[in-house]
Amino acid sequence: MYELGLFVASCALLGCIVGFLAGLLGIGGGLIIVPVLTSLLLVFNVTDVEHVLVIAIATSLASILFTSTSSALAHHKNNNVPWNVAPWVMSGVAVGALISGFAASFIPEKILRVVFAICVVFIAMRMVLSVRNKVSTQHPLPTGPVLGSISAVMGALSGLIGIGGGALLVPMLHYFSVDIKKAIGCAAACGIVIAFFGSIGYVSAGWQLTDLAHGFMGFVYLPALFGIVVTSWFIAPIGAKATHYLPVKTIKKVFAVLLVIIAIKMVFS
């Protein structure tokens with residue numbers, strides 16, 4: 001019981017860090033949750049090496065379901081969710097996330113680590129480049145089915161590495177001439193869909209391999225989910241307010257370097 005309490009407390013501390021960085025930098029918590037939770041699950045002997053990454057990703061997605069809901073409601077109130085575009089994008093990411101949730105359990109753990117690392121490095125590079133003010137060529141929005149197909153790929157990648165998808169969907173939508181605020185609002189709404197359908201896939205895929213009596217709902221580890229959500233939900237607004245006082249551009253560069261180091265460590269650990 002003592003070890004479980006210590007584990008939940010560690011996840012609560014992780015939730016504080018994730019919530020603050022999410023509010024400060026506008027990033028999905030999965031980039032930090034997955035590698036840190038992977039280490040915590042092994043240190044506390046919650047699971048074996050074979051399934052640890054899948055459990056970390058599934059739990060990360062489940063936690064994003066709560067944080068994305070809060071974010072999406074705020075964007076909706078500010079009329080920043082483009083409902084003429086969102087249904088196609090949300091339908092696409094739903095299909096992609098659901099497929100990735102089922103498929104992840106069949107992908108070798110080493111390959112899953114490499115996929116996660118590649119995506120993290122891409123997101124880190126984008127964070128550094130986004131700090132600079134650059135004018136990009138805008139492109140017309142594709143037809144609904146095409147947009148849905150592209151979104152399905154983004155949803156699958158997001159579900160596969162346990163993130164809400166904003167880091168992939170925002171640049172994609174902005175590339176297709178969607179206003180940046182609207183793109184962020186749409187990505188926030190899609191984060192709910194990715195987390196929900198991705199979690200369904202991970203819960204279903206792991207139902208026969210895990211035990212609810214030991215804290216698992218499929219591949220989602222409930223004590224970790226509770227610890228992360230109970231703090232991140234309240235800390236995120238503090239991070240958002242801190243953007244007015246801290247050098248966000250510098251922090252983004254440092255954080256991007258940290259992400260690359262984490263990605264490399266995950267591949268070779």
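Residues are numbered from 1 along each chain as its sequence is written, and side-chain values use heavy atoms, with hydrogens and water left out. In this predicted model, local features need pLDDT of at least 70 and side-chain atom pairs count only at pLDDT 80 or more, whereas totals for chains, interfaces and linings use all residues.

Two packed helices are described by the angle between their axes and the distance between the axes. Helices are DSSP runs (H or I, at least four residues), numbered from the N terminus. Axes are lines fitted to C-alpha atoms over the stretch in contact, and angles run from 0 to 180 degrees between N-to-C directions.

The axes of helix α3 (residues 49-77) and helix α8 (residues 180-206) come within 7 Å, crossing at roughly 145°. This crossing of α3 and α8 is left-handed (the near helix is turned anticlockwise from the far one by less than a right angle; clockwise would be right-handed). Contact means heavy atoms within 4.5 Å. Among the contacting residues are V54, I57, L61 and H75 in α3, and I184, G185, F196 and Y202 in α8. By class, the contact of α3 with α8 has 16 nonpolar, 8 polar and no charged residues. Ala, Val, Leu, Ile, Met, Phe, Trp, Tyr, Cys and Pro count as nonpolar, Asp, Glu, Lys and Arg as charged, and the others, Gly among them, as polar.

Helix α6 (residues 144-161) has 18 residues and spans 26 Å from its first C-alpha to its last, close to the 26 Å expected at 1.5 Å a residue (1.5 Å times one less than the number of residues). Buried residues of α6 include G144, L147, G148, S151 and M154 (buried is under 20% relative accessible area, exposed over 50%, partly exposed in between, with a 1.4 Å probe and protein chains only). After α6 comes G162, with a positive phi near 80°.

The axes of α4 (residues 86-103) and α6 come within 6 Å and cross at roughly 40°. The two helices α4 and α6 are therefore oblique to each other (under 35 degrees is roughly parallel, over 145 roughly antiparallel, 65 to 115 roughly perpendicular and the rest oblique). The crossing of α4 and α6 is right-handed. Residues in this contact include W88, G92 and G96 of α4 and P145, G148 and G155 of α6.

N45, although not a glycine, has a positive phi of about 55°. N45 lies in the loop between α2 (30-43) and α3, and counts as exposed at 65% relative accessibility.
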